[in-house]
Amino acid sequence: MNKGRKPEILCIGAQKAGTSWLHVTLATRRDIWVPPFKELHFFDHKFIAECRRWAPWHVRQGLQMARDRHFATTVSPDETYLEYLDRLQTAPILNGTWYKYIFSRAEVDQKCLDVTPEYSCIPDEGVDFFKRFLPRGKLIYIIRNPLDRLKSQLRMNAHRKKKLPSSSKEWEDLLDMPALQTRGDYLNNVPRWDARFAPEQLLYLPYGRIAKDPLGTLRKIEQHCDLPPFEYPQAKERVHQTKPLPLPEHVVARLKAIAAPQAAFLQDRFGKAFYEET
């Protein structure tokens with residue numbers, strides 16, 4: 001086992017835009033190595049104060065789920081793997097050494113994958129650091145219709161609360177959460193990545209194409225990441241589905257106002273045909 005390495009393929013966003021599908025589907029390949037949990041938060045923890053408040057908790061939770069999954073699926077626990085998981089929760093975490101150690105179990109002939117949607121939100125200095133740290137990385141950015149993405153994230157945030165919102169004030173509190181807008185702020189996020197990564201490195205994909213043509217979408221990803229063709233048995237399966245939750249009219253109206261400039265930007269940047277597939 002090597003002491004550490006960096007990922008070759010990264011999906012940087014957007015939240016609620018099929019990133020879990022990408023993680024699960026690419027994990028079925030023998031030549032792709034995925035971490036023991038999705039969303040490593042290395043870059044956003046370094047450059048976004050909000051993320052520093054909860055990223056360590058996410059790491060601990062992800063490692064516990066990996067440990068539980070290992071015990072549930074094996075008769076003879078792999079002590080080396082369990083020691084590896086223990087090392088990943090031993091301070092200091094979320095620094096460069098920790099991040100490179102995550103990928104230390106990958107084989108030489110495997111490409112490493114990091115899927116963390118929050119990466120798309122890091123500021124200019126963060127993208128500059130990202131470019132220096134991973135100068136040859138292959139990036140994927142999935143773009144979803146702004147209004148649909150906002151509705152999905154709002155529903156997810158509501159279900160994470162101890163109780164669902166039942167008053168205008170509780171809905172407004174959800175609407176005022178900064179992450180609701182920053183996670184899908186294409187208007188400000190996309191230009192930062194465009195300025196530093198050429199199309200040969202940064203692939204934009206419309207979210208709607210995943211359901212419409214999952215295998216064709218994967219072929220485009222393979223071409224972008226220099227991967228040979230592969231048959232994906234789970235390509236048509238949904239990984240997550242937001243639980244139904246009716247949204248009040250005033251909530252939808254505010255979401256539409258938030259989404260409007262984002263939609264205008266996407267149509268201008270990518271064109272009508274691409275936007276209609278989001």
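**Notebook: pocket lining and ring pairs**

I looked up the lining of the largest pocket and found that α3 gives the largest share, eight residues. I took helices as DSSP runs of H or I with at least four residues, strands as runs of E with at least two, both numbered from the N terminus. The model is predicted, and I read local features only at pLDDT of at least 70 and side-chain atom pairs at 80 or more, while totals for chains, interfaces and linings use all residues. Numbering runs from 1 along each chain as its sequence is written, and side-chain values use heavy atoms, without hydrogens and water.

Next, the ring pairs. I counted 25 aromatic pairs (Phe, Tyr or six-membered Trp rings with centres within 6.5 Å; planes under 30 degrees apart are stacked, over 60 edge-to-face, the rest tilted). Trp33 and Phe103 are edge-to-face, because their planes stand at 70°, with centres 6.0 Å apart. Trp33 is in strand β2 and Phe103 in the loop between α5 and β3, so the pair ties together parts 70 residues apart in sequence. I noted Trp33 as buried at 12% relative accessible area (buried is under 20%, exposed over 50%, partly exposed in between, with a 1.4 Å probe and protein chains only). Phe103 is buried too, at 0%.

I then checked Phe130 and Phe197: centres 5.9 Å apart, planes at 85°, so edge-to-face. Phe130 belongs to helix α6 and Phe197 to the loop between α10 and β5, so this pair ties together parts 67 residues apart in sequence. Phe130 is buried at 0% relative accessibility, and Phe197 is buried at 3%. Ring pairs link a cluster whose members include Trp33, Phe103, Phe130 and Phe197.
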